[in-house]
Amino acid sequence: MVIHALLAASLALTSLPAQATVNAPGSVDCSRVKCLALTFDDGPGEYTPALLKTLRKAGAKATFFLVGERVEKSPKVAKEILTQGHAIGNHTYSHAALPALLDYEILDELKVNQEVIEKATGLRPKMYRPPYGQTDERVLRVADQAELAEILWTGTTLDWSLRDTKKIKTVVLKLAQRDGVILMHDVVPQTVKVMPEILKELKKQGYHLVTVPTLMRAKGLKAGMSYF
């Protein structure tokens, strides 16, 4: 398999030290304040820099689940996500539906992306999100071999289908809840465009916008386990 070969090549090329996905401990204690984790899948893409600018202006942190093929095309953007204090997770190398693959193919999808992300950012993720949310016990067993915890969500916007700023904003605000995890996509331009309005309203409602690792700091993340 091509991906299997790419893994060996990536291992040979990568010289950066392995690091955890969790950013340096912050001052937000989600046991004491109202926290919410906004997550973005499928990037980095052409709209990701604009989203990063919006998040920076609002003082908000988010979590990005990156696709390896896109990281290879935009390594500087992937690095900038980390530089700005956001969390990074693995979203497979080619955005494959994992349950449809053989065990070694699942492992390749995850491990190749681990190497790609580490090469671009210097960070080796400790969490992943299965494309389409498709997972099962076998996928989790393989994820355990890759030392990855599975992160799902408490609510999904379906922004890729809505493609409407007003509708996306309405759905996000409806899904918002304390200690919630909301799924969006930074490759959807309407999502990025309406994000300033969403952040403003969420802050007005008292939410602290944090990364998934910050949200889970008290419980921690364990490889091979599924969360949310």
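Colleague: How much space lies in the largest cavity?

Modeller: This is a predicted model, and about 30 Å³ of space lies in its largest cavity. A search of the whole structure for cavities of 30 Å³ or more finds 1.

Colleague: What makes a residue part of the lining of the largest cavity, and which residues are they?

Modeller: A lining residue must have an atom within 4 Å of a cavity point. The residues that line the largest cavity are Q114, R124, P125, K126, A146 and E147. This lining divides into 3 charged residues, 2 nonpolar and 1 polar. Arg, Lys and Glu count as charged, so R124, K126 and E147 belong to that class. Pro and Ala count as nonpolar, so P125 and A146 are placed there.

Colleague: Why is K222 called exposed?

Modeller: Exposed means over 50% relative accessible area. K222 has 56%, and therefore K222 is exposed.

Colleague: How do you know on which side of helix α2 the buried residues lie?

Modeller: Helix α2 spans residues 48–58, and its buried residues are T48, L51, L52, T54 and L55. They cover an arc of only 160° around the axis, so they are on the same side of α2. In general, an α-helix has 3.6 residues a turn, so residues three or four places apart point the same way. The face turned away from the buried side of α2 carries the exposed residues R56 and K57.

Colleague: What makes the peptide bond from G43 to P44 cis?

Modeller: Its omega is near 0°, and the bond is cis. P44 is placed in the loop between β1 (35–43) and α2. Most peptide bonds are trans.

Colleague: What is noted about phi of D42 and of L158?

Modeller: D42, in strand β1, has phi near 80°, a positive value in a residue other than glycine. L158, in the loop between β6 (155–156) and α7 (159–162), also has a positive phi, near 55°. Most residues other than glycine have a negative phi. As for accessibility, D42 is at 13%, under the 20% limit, so D42 counts as buried. L158 has 41%, between 20% and 50%, and is therefore partly exposed.

Colleague: How do you know that the charged end of K34 sits over the ring of Y207?

Modeller: The distance from the ring centre must be within 6 Å, and the direction within 35 degrees of the ring normal. The charged end of K34 is 4.2 Å from the centre of the Y207 ring, and K34 is counted as sitting over that ring.

Colleague: How many aromatic pairs are counted?

Modeller: The count comes to 1 aromatic pair, the ring centres having to lie within 6.5 Å.

Note on methods. Residues are numbered from 1 along each chain as its sequence is written. This is a predicted model: local features need pLDDT of at least 70, side-chain atom pairs count only at pLDDT 80 or more; totals for chains, interfaces and linings use all residues. Side-chain values use heavy atoms; hydrogens and water are left out. Rings of Phe, Tyr and Trp (its six-membered ring) pair if their centres lie within 6.5 Å; planes under 30 degrees apart count as stacked, over 60 as edge-to-face and the rest as tilted. On a 1 Å grid over the protein atoms alone, a cavity is a set of points where a 1.4 Å probe fits but cannot get out, and a pocket is an open set with protein on both sides within 12 Å along at least five of seven lines; lining residues have an atom within 4 Å of a point. Grid points are joined across faces, edges and corners, and a volume is the space filled by probe spheres set on the points. Buried means under 20% relative accessible area, exposed over 50%, partly exposed in between (1.4 Å probe, protein chains only). Helices (H or I, at least four residues) and strands (E, at least two) are DSSP runs, numbered from the N terminus. The arc is that of the directions from the helix axis to the C-beta atoms.
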